[in-house]
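Here is a friendly walk through one protein model, written for someone who likes to check contacts and accessibilities by eye. Please have your viewer ready.

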Amino acid sequence: MALPGGLRFRSIAIVLLCISGAIFATAYSMLEKERELLMKTARQQAVSLTKASAIVFTNTFIYEELEMLDETDMVDYLSYYVSDVMRTDPRILAFAVLDKRGEVVANNSRSEAWEDVGQLKGLSGLRTVVVGEGYDAALAVSMPLAIESKRWGYCRLVFSLENIERSRVSARNEILLIAGLCLLISALLVGIVIHFQVKALKKLSGAMERFTVNKDFSRPFPELPARKDEIGQLQQSFAWMVRRLRDEEEERARAEEQMFHTEKMATIGKLTASIAHEINNPLGGVILCFNNLTKGELDEQAREQHIEVIHSGIERIRKIMRDLLDYSRQSSLVIQPADVEDVVRKSVSLLELFSRKRHVRIEVTLPDELPQVPMDSAKMQQVVVNLLVNAVHATPEGGSIIIEGYAEKDWLTLMISDTGPGIPEEIRERIFDPFYTTKDVGEGTGLGLALAKSLTEQHGGRLVLAKSDKEGSVFAIHLPRREKDR
């Protein structure tokens, strides 16, 4: 048994899972908090710098409007200021100033990716947006240059978040390294502790394997070191269970032998009664006709009639015994790939005269190119014939029988449906029992469906009553498309 090893593995896995879950949950929480703190700090710095610069930009526009500066001096001053700020703080990727018409007055960018500032026109308040991902992520801060409702322009500052991302990745790697070392040390410690705990269970498992796998209760339970913990209680309980199982196994063997004997006698009695009932009817007629013949008081016509009755009775008795032998013995099958449609056509041909005399139409609606299946064609033809005979008997004059079929992945199914009155619900569970029949005395032995079911199961298939109601009954033959072990 693999119980101790499996228990050791599961115990270590559960403990390590809990430890790793706690470590990584804590690490994730710490990383998120650190990232939020760094982002908050970076946002505050970027917003403060933007607001401070906005004051300078606004004053410059006011001076230009008051004609204290001409336009050229204003542009030079703003360009110088923007360049100086970017030189002072390398984290600034782009810095742009626009007038109230949305035209760029000063713009400096370390990358062409940050030069799109046309969307600033109409900005109503401070706006911060994170753009990009990973090491390329940046914080774009935009705000209007205004005093109350008076507006002179807009400015935009793009602040790099590369340092934050590098700090986050570095912290993540450090935490993963520490977590890995903690897990490794924990695995060693947990493995050592569990090894000593499972060692005793391994001895008990070895003893249990002798009984559970080999099912040998003849030998006594081996002596194991006495323990006062839960494992010791388990050892005592298992030893008691083995003693009980040994006693129950002996009792079961005696009861099983008695049951087999009783069942065999009951089966023999049932078959004897059924056979006697089926044979006595024609046998009575044979005896009566034989006695009349021996008296010699019959004319030639009566004599021939008596001989015909005797012959018919003997043939019926022989048919009953032949059907019984066919049902009772598991005759060997000659399995080879065969055409189901061919089996169906031959079966219908055999019953053509019988069904025509009863004015019942048999229709075959099989799809084209049904696959071949491994089967004994003669035996399966016997199955189909038995089902068709029952269907013809059940179908009133003018009715019809339809044979359909379809193939699935692993099975091929034949459906035989009639337009009879259906099978009453209270007897559906008995229709496959040997010698059970709803026909009149002398019309059937009750072995047809039982024999058909037995032959189908010998092929590894199934014969079932798929449907039965006032509109008729449908029997389904399910055959495996690949040969199965029988």
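## About the model

Please keep in mind that this is a predicted model. The values quoted here are computed from its atoms.

## Salt bridges within helices

How many salt bridges does a search of the whole structure find? The count is twelve, and a few of them are worth a visit.

Start with Asp 84, which pairs with Arg 87 in a salt bridge whose closest N and O atoms are 2.6 Å apart. The two residues sit three places from each other in helix α2, so about one helical turn separates Asp 84 from Arg 87. An α-helix has 3.6 residues a turn, so residues three or four places apart point the same way.

Next, look at Arg 91 and Asp 89, whose side chains form a salt bridge with an N to O distance of 3.1 Å. Is Asp 89 buried or exposed? Its relative accessible area is 15%, which is under the 20% cut-off, so Asp 89 counts as buried. Arg 91, on the other hand, is partly exposed at 28%.

Salt bridges can also join up: Asp 99, Arg 101 and Glu 103 are linked in a network of them.

## Buried positions and their contacts

Glu 165 is a charged residue to look at in helix α3, which runs over residues 162-212. With 14% relative accessibility, Glu 165 is buried. Which residues does Glu 165 touch, once those up to four places away in sequence are set aside? They are Gly 134 and Tyr 135.

Ile 317 belongs to helix α5, residues 300-328, and is buried as well, having a relative accessible area of 18%. Beyond its neighbours within four places in sequence, Ile 317 is in contact with Ile 279, Pro 282 and Leu 283. For Leu 283, the chain separation from Ile 317 is 34 residues, yet their C-alpha atoms are 7.7 Å apart.

## An enclosed helix

Why is helix α9 described as largely enclosed by the rest of the structure? This helix spans residues 448-458, and eight of its eleven residues are buried. Among the buried ones are Leu 449, Leu 451 and Leu 455, along with Ala 450 and Ala 452. The buried set also includes Ser 454, Thr 456 and Gln 458. After α9 comes Gly 460, with a positive phi near 80°.

## A nonpolar patch on the surface

Finally, turn to the outside. Tyr 63, Leu 66 and Met 68 make a nonpolar surface patch of about 340 Å². Met 68 is found in the loop between α1 (3-65) and α2 (71-88). At a relative accessible area of 56%, Met 68 is exposed.

Terms used. Residues are numbered from 1 along each chain as its sequence is written. This is a predicted model: local features need pLDDT of at least 70, side-chain atom pairs count only at pLDDT 80 or more; totals for chains, interfaces and linings use all residues. Side-chain values use heavy atoms; hydrogens and water are left out. Helices (H or I, at least four residues) and strands (E, at least two) are DSSP runs, numbered from the N terminus. Buried means under 20% relative accessible area, exposed over 50%, partly exposed in between (1.4 Å probe, protein chains only). Contact means heavy atoms within 4.5 Å. Patches are made of residues with over 30% relative accessible area and no salt bridge: like charges are joined within 9 Å, nonpolar side chains (Val, Leu, Ile, Met, Phe, Trp, Tyr) within 5 Å. Accessible areas come from the Shrake-Rupley method with a 1.4 Å probe; for residues, only the protein chains shown count as cover. A salt bridge is a side-chain nitrogen of Lys or Arg within 4 Å of a carboxyl oxygen of Asp or Glu.
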